[in-house]
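Hi,

Here is the structure I promised to pass on. Have a look at it first, and then read my notes below.

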Amino acid sequence: MDSKSTQHKHLVSNEFFQKSNHKEGQNGDEEIVAEIMGRCFCPSLITTRPWEGFHFVGQEIKITEATDSYGAVVWPSALVLCHFLETNAKRYNWTDKNVIEIGAGTGLVSIVASFLGARVTATDLPELLGNLQYNLVKNTKARCKHEPQAKELSWGVDLEKNFPRSQCQFDYILAADVVYHHPYLDELLLTFDHLCKENTTIIWAMRFRQEKENQFVDTFQKLFKLEVISDFPSLSITLFKSKRRHRVQGSPVTAS
């Protein structure tokens with residue numbers, strides 16, 4: 001059995017696969033993956049500012065990317081998460097919900113959530129805020145109930161100062177492809193822990209690449225109840241829903 005199969009066997013129960021309605025194929029998800037990836041389109045005309053287009057929630061979304069930064073590119077996990085938000089709009093009713101996206105990157109997920117009526121705070125590193133803010137304003141100004149806001153968030157840094165627990169009440173935390181081979185997994189876990197209240201739901205799409213991702217998930221489950229809500233073997237992406245476990249006050253939080 002190859003490493004990819006081992007990872008998915010480790011994370012996704014047989015019960016989930018029995019419930020899956022994916023069409024038959026080598027991985028069982030070819031039809032839905034093609035539908036998700038088909039939401040992307042290329043501009044028909046060459047312009048001075050390169051962009052990539054997406055169709056979600058009946059809207060045409062134009063995203064400006066920056067190829068010199070991993071954080072300013074639309075990755076497949078973001079498309080998976082956008083598709084989930086759109087297709088589960090009635091079930092979750094995003095209208096007027098307080099939502100924060102961590103590692104927002106280009107802002108595509110935050111834009112889709114805003115079109116669905118959520119009050120969205122899109123966060124990322126300071127060097128990415130300019131492009132993030134540009135995409136948010138260009139796509140949502142006067143087009144949605146609550147225009148999303150961009151805010152700096154460096155994982156694990158000044159969390160109480162910038163996002164005080166007494167004032168920040170988020171219904172949902174959204175994240176797409178925030179777990180990969182980087183040295184800030186402890187800080188990421190601290191950030192999830194700080195932002196998540198008892199009634200907060202985390203929805204995150206994760207692409208599995210290396211064993212370190214599995215280790216993070218194992219540690220994450222010590223703090224949060226973890227449920228697989230969809231799985232895409234063709235993309236090595238799993239979509240999770242999480243809620244906080246009861247934790248003893250003062251317990252250390254670490255991904256190591």
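Before the notes, one cut-off: a residue counts as buried when its relative accessible area is under 20%. Also keep in mind that this is a predicted model.

Let's start with helix 4, which covers residues 76–87. Of its 12 residues, 9 are buried, so the helix is largely enclosed by the rest of the structure. The buried ones are Ser77, Ala78, Leu79, Val80, Leu81, Cys82, His83, Phe84 and Leu85. The length works out too: at 1.5 Å a residue, helix 4 should span 16 Å, and its end C-alpha atoms are 17 Å apart, which agrees.

Next, the aromatic rings. How many aromatic pairs does a search of the whole structure find? It turns up 13. One of them joins Phe84 to Tyr92, edge-to-face, with 5.5 Å from centre to centre and 65° between the planes. Tyr92 also pairs with Trp94: those planes are at 5° and the centres 5.2 Å apart, so this pair is stacked. Phe84 has a relative accessible area of 8%, Tyr92 has 10% and Trp94 has 2%. Those values are under the 20% cut-off, so each of these residues is buried.

Elsewhere, ring pairs link up a cluster made of Phe192, Trp204, Phe208, Phe216, Phe220, Phe224 and Phe240.

Finally, a couple of lysines sit over rings. Lys62 lies over the face of Trp51, 4.8 Å from the ring centre. The charged end of Lys151 is placed over the ring of Phe163, at 4.3 Å from its centre.

Cheers

Note on methods
Residues numbered from 1 in each chain as written. Predicted model: local features only at pLDDT ≥ 70, side-chain atom pairs only at ≥ 80, totals over all residues. Heavy atoms only, no water. Helix = DSSP H or I, 4+ residues; strand = E, 2+ residues; numbered from the N terminus. Expected span 1.5 Å × (residues − 1). Buried < 20%, exposed > 50% of the residue type's maximum accessible area, 1.4 Å probe, protein only. Phe/Tyr/Trp six-rings, centres within 6.5 Å; stacked < 30°, edge-to-face > 60°. Lys NZ or Arg CZ within 6 Å of the ring centre and 35° of its normal.
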